[in-house]
Amino acid sequence: MIIRRDAAKPRVLMGKRHGGHSFMPDRWVFPGGRIDRADYRAPYATDLRPDVGGLFDRYLPAGRGRALALAAVRETWEEAGLLLARPGQARARGPWSTFAAQGVLPDLEAMDVVARAITPPAVGKRFDTWFLMADAERLTSLDRQPDCGELEEIDWVDFDDAMSLPLPTVTRLMIKEAVARMEDPSRPKPFLRYKDRGMRPTSL
């Protein structure tokens, strides 16, 4: 979740999925995706903040939290054509080659954890998703790079307007959580998972 604060109301980056997708067609979502093996060895300009890295380490194997954050940066580039990065040079292969070609490296320090959610067993495609947040001022540009982005369109949407879009249920929950977190950054980070035929929310 990338938050823009240069107007009267904060806005969040949303993207519309193509209608031809078999999964959540025409829905508005945050950029994101699954970890690639290349994310474990991708170079970066800044590392995770100690509190963020420590939170990942409590739940994930060593190195997976950083790979998860790098995947979020890469997917934001691939899906939305935006770079959460700082100037830097490094050799990169595979899915990171076009990112590195921009003369930048990922800015992991910009990221914070919002929540974690695991989809219920009845869902056809299950996901264990960590939702991350960063300020848009950490982007190299607010403009989408030409000929970039897998999402059909992207937009900066204020939170009230975002709630009126066709959203997945978990996205709607995360928008509410982002609003609450901006009002109280110290609030507990939700962990949403399903047990005993119902959702059992706890905190990370």
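Two strands count as paired here if DSSP finds at least two bridges between them. The model on screen is predicted.

Start by selecting residues 2–4, strand β1, together with residues 128–135, strand β7. These two strands pair in the parallel sense, over 2 bridges. Zoom in on Ile-2: across from it, in β7, stands Ala-134.

β6 and β7 run antiparallel and are joined by 6 bridges.

Next, go to the second largest pocket. Select Arg-5, Arg-49, Asp-112, Met-133 and Asp-135, which lie nearest its centre among the 13 lining residues. The space in this pocket comes to about 230 Å³. Two elements, β7 and α5 (169–183), each give two or more residues to its lining. The most comes from β7, with 3 residues. Which kinds of residue make up the lining of this pocket? There are 7 charged and 6 nonpolar residues, and no polar ones.

Finish on α5. The end C-alpha atoms of this helix are 22 Å apart, which agrees with the 21 Å that its 15 residues should span at 1.5 Å a residue. Colour Thr-171, Met-174, Ile-175, Glu-177, Ala-178, Ala-180 and Arg-181, which are buried in α5. An α-helix has 3.6 residues a turn, so residues three or four places apart point the same way.

Conventions: Residues are numbered from 1 along each chain as its sequence is written. This is a predicted model: local features need pLDDT of at least 70, side-chain atom pairs count only at pLDDT 80 or more; totals for chains, interfaces and linings use all residues. Side-chain values use heavy atoms; hydrogens and water are left out. Helices (H or I, at least four residues) and strands (E, at least two) are DSSP runs, numbered from the N terminus. On a 1 Å grid over the protein atoms alone, a cavity is a set of points where a 1.4 Å probe fits but cannot get out, and a pocket is an open set with protein on both sides within 12 Å along at least five of seven lines; lining residues have an atom within 4 Å of a point. Grid points are joined across faces, edges and corners, and a volume is the space filled by probe spheres set on the points. Ala, Val, Leu, Ile, Met, Phe, Trp, Tyr, Cys and Pro count as nonpolar, Asp, Glu, Lys and Arg as charged, and the others, Gly among them, as polar. The expected span of a helix is 1.5 Å times one less than its number of residues. Buried means under 20% relative accessible area, exposed over 50%, partly exposed in between (1.4 Å probe, protein chains only).
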